[in-house]
Amino acid sequence: MSAPAKGLAAGTWVIDPAHSSLEFSVRHLMVSKVRGRFTDFSGTLVVHDDGTADTEAEIQVASLTTDNPQRDAHLATADFFDAANYPTATFKASGFKALSSEFSVTGDFTVRGITHPVTLDVEFLGTGPGMADAPVAGFTATATVNRHDFGLTIDMPMADGGAVIGDKINLSLDIEVGLQS
């Protein structure tokens with residue numbers, strides 16, 4: 001794989017969850033969007049001496065919140081994420097493609113035990129010294145996935161047409177990583 005961004009030292013870069021976010025949005029009632037986030041996730045970006053890189057991440061599905069406890073409880077059921085049987089979602093990169101200061105990362109995204117390729121559009125925000133004198137780097141990333149691809153197939157049709165929940169899920173990541181080794 002080619003380097004994910006210029007300026008990253010070789011080593012293992014670990015997601016700092018206190019300075020990162022993993023959010024999503026989906027159409028609701030055909031007229032608005034519901035937004036949510038996962039609060040428990042981890043991941044690494046390993047940059048090799050030759051400039052190639054590997055990345056993977058894990059999301060604890062039960063950490064999902066939309067700030068609506070009733071909806072969050074429903075999303076954890078077998079109607080949606082089935083968190084009891086599939087407690088984690090994962091992403092493992094299989095390729096990086098440089099696009100000037102931006103790049104794309106393609107990888108296998110697994111939700112509910114179902115894996116599909118997903119491409120993230122990533123912007124490298126740069127590096128800095130970090131608070132503990134260890135280098136940090138920042139990225140933003142976006143992707144759109146179809147919930148049906150991952151077994152999230154509950155459909156709640158509306159009487160006048162359309163559906164309560166849209167099919168397309170927009171993902172938005174703001175990630176800060178710190179060099180660990």
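Predicted model: local features only at pLDDT ≥ 70, side-chain atom pairs only at ≥ 80, totals over all residues.
Me: Which element gives the most to the lining of the second largest pocket?

Reply: Two strands (DSSP runs of E, at least two residues; helices are H or I, at least four), β1 (11-15) and β11, are the elements that give two or more residues to this lining. With three residues, the element that gives the most is β11.

Me: What kind of aromatic pair do F109 and F150 form?

Reply: The structure holds six aromatic pairs, where rings of Phe, Tyr and Trp (its six-membered ring) pair if their centres lie within 6.5 Å, and planes under 30 degrees apart count as stacked, over 60 as edge-to-face and the rest as tilted. For F109 and F150 the ring centres are 5.4 Å apart and the planes stand at 70 degrees, so this pair is edge-to-face.

Me: How many residues apart in sequence are the parts that F109 and F150 tie together?

Reply: F109, at 12% relative accessibility, counts as buried (under 20%, with exposed over 50% and partly exposed in between), and F150 is buried at 3%. Because F109 lies in strand β8 (residues 102-111) and F150 in the loop between β10 (136-146) and β11 (165-179), the separation in sequence is 41 residues.

Me: Which strands does the pair of F124 and F139 link?

Reply: The rings of F124 and F139 form a tilted pair, 5.3 Å centre to centre with 40 degrees between the planes, and both residues are buried. Ring pairs also join F124 and F139 with F96 and F103 into a cluster. F124 and F139 are 15 residues apart, and the strands that hold them are β9 and β10.

Me: With which residues is L125 in contact, leaving aside neighbours within four places in sequence?

Reply: L125 lies in strand β9, which runs over residues 114-128. L125 is 90 residues from R35 in sequence and 24 Å from it in space, C-alpha to C-alpha. Counting heavy atoms within 4.5 Å as contact, the partners of L125 are G138, F139 and T140.

Me: Is T66 buried or exposed?

Reply: T66 is found in the loop between β6 (64-65) and α1 (69-75). Beyond four places in sequence, T66 touches F24, V34, R35, G36, R71, D72 and L75. At 8% relative accessibility, T66 counts as buried.

Me: Is D67 buried or exposed?

Reply: D67 is in the loop between β6 and α1, and has a positive phi of about 65 degrees although it is not a glycine. With a relative accessible area of 58%, D67 is exposed.

Me: Is R112 buried or exposed?

Reply: R112 sits in the loop between β8 and β9; R112 is not a glycine, yet has a positive phi of about 55 degrees. At 18% relative accessibility, R112 counts as buried.

Key
Residues numbered from 1 in each chain as written. Heavy atoms only, no water. Buried < 20%, exposed > 50% of the residue type's maximum accessible area, 1.4 Å probe, protein only.
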